[in-house]
Amino acid sequence: MNKAMTQQAVARKVIEIKPYADPEAKVYPRSISGIYARWRWVFVWLTQGIFYGLCWLPWHGRQAILFDIDTRKFYLFDLVLWPQDTIYLVLLMVIGALALFLFTAVAGRLWCGYACPQTVYTEIFLWFEKLIEGERRQRIALDAAPWSLHKLSIKTAKHAVWIIFSLWTGFTFVGYFTPIRELAHDLLTLSPGAWSAFWVLFYGFATYGNAGFLREQMCRQICPYARFQFVMLDPDTLIIAYDAKRGDARGARAKGVDPRQQNLGDCVDCGICVQVCPTGIDIRNGLQNECIGCAACIDACDQVMDKMDYPRGLIRYSTENAVSERLTPLDIVRRAFRPRVIVYAAILLSLAAATAWSLSTRIPLKVNVLKDRGALSREADDGSVENIYRLQIMNTGDKTRTFRIRIAGVEGIRLHDDTPVTVPGGEIGSRTASVRADPGAAKSGAIPISFSIEDVADAAVAVTEKSKFWMP
């Protein structure tokens, strides 16, 4: 009993000294419920359901999403990307960056508050921590208490759960680069490859460190996005805003008393908005680099306003201009369509449409023609001039195709063997092509010719590659 009372006294003392005034102090976020808290968990389930589940999805006898580094092929459902298709990966990254710029200009750091991996995993790790150690006051008291068998057992249980979850996360991450079923078998039989084992441990350790220890420091000190976000914000960007005109002056008061009679605003200065903040800031001091836009303070403040019978929205999603000029929601929406937003949106939509069109019209066939360097030309057994080529036929689609090879460019030029080539989906077929022409069919030297490779069953899948035919 005395021990419990001592821990509670320590906890009260820690709270009284305002632990978040020191940027190095550990942040103990308080649990909160509300509409935005529910939305955060919706995104936790959505993003992690995709991350942990998509790598197990089978697709035509293989993994649906697989970035196979060994074979240098990226599988995205029916789409197979080769090293020559790196431009598509670059375009996807550019589209992602533009989308981030657009969303930031319109609605601030929504990505940070709801879908950023750092935010999502911190939310998950905090849930484990609350489940094992208890709520905010209990966690503060536990950390302040001297080491004992009870404290050691609780801390050990928490870190064990964190480590297991982190290793599962590392295993899943590597499963997008190595077939996950093979990786699971290798790990269960204790025979993983050195690189696979390294990356499972490395990514697991990164998850454990970032979500378990760095947490708000990642957003405060390390993440560069917080530093340059203000370049993309303006007074009409939607942010988490405290209505100082309505809230100040702050102070405690009894419920039912008109705060204006005491020269007070609606803010009761309870500090709950600070206690629920995952980065430990006071939103009443204005927009700050550390604010990730998670809206936990909105849920907390709305609950206090409800208890005091005050209108909600003392802290709310709004814009700087809307708060200062008392704009209506319709005005906020109208001002959202400003030049920078329109430019971002136009570029993003144009690039996304061009990428989608390119992927939809992409021919699932690539061909490399390599001239035999050993001999420029030679005389064949029928007296014709023969050049040797090596054809690499890449079937970049997902189904097996049979290709017909044709040659053109010199009168009477022909293939000694024009047997079609069958190539499975996502594989490379090779063919040594003997190309022959009659002596005197063209002048001496290098003569331009072309190879046409066409799907026997689908004439639309065809590629023409140029080369040179050497006449002696």
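This is a predicted model: local features need pLDDT of at least 70, side-chain atom pairs count only at pLDDT 80 or more; totals for chains, interfaces and linings use all residues.
Figure 1. His 60 sits in the loop that links β1 (58-59) to β2 (62-63). Helices (H or I, at least four residues) and strands (E, at least two) are DSSP runs, numbered from the N terminus. The phi of His 60 is near 50 degrees, a positive value in a residue other than glycine. Most residues other than glycine have a negative phi, and most peptide bonds are trans.

A note for all views: residues are numbered from 1 along each chain as its sequence is written, and side-chain values use heavy atoms, leaving out hydrogens and water. Local features need pLDDT of at least 70 and side-chain atom pairs count only at pLDDT 80 or more, while totals for chains, interfaces and linings use all residues.

**Figure 2. Asp 309, in the loop between α14 and β7.** Here too phi is positive in a residue other than glycine: for Asp 309 it is near 60 degrees. Asp 309 counts as exposed because its relative accessibility is 61%.

**Figure 3. The cis peptide bond between Asp 248 and Ala 249.** Ala 249 belongs to the loop between α12 (244-247) and α13.

**Figure 4. The largest nonpolar core, with 32 residues.** A nonpolar core is a set of buried Ala, Val, Leu, Ile, Met, Phe, Trp, Tyr and Cys residues joined through side-chain atoms within 4.5 Å. Ile 240, Cys 297, Ile 298 and Ile 315 have the most contacts inside this core. At least two residues each come from α4 (110-115), α11 (225-232), β6 (239-242), α13 (272-275), α14 (296-308) and β7 (315-318). The largest share, 8 residues, is supplied by α14.

**Figure 5. Ile 240 and the residues it touches.** Leaving aside residues up to four places away in sequence, Ile 240 touches Ile 283, Cys 291, Gly 293, Ala 295, Cys 297, Ile 298, Ile 315, Arg 316 and Tyr 317. Contact means heavy atoms within 4.5 Å.

**Figure 6. A second, separate core of 26 residues.** Val 435, Ala 437, Ile 447 and Ile 453 are among its members. In soluble globular proteins, nonpolar side chains tend to be buried together. Across the chain, buried residues make up 44% of the 472 residues.

Terms used. Buried means under 20% relative accessible area, exposed over 50%, partly exposed in between (1.4 Å probe, protein chains only).
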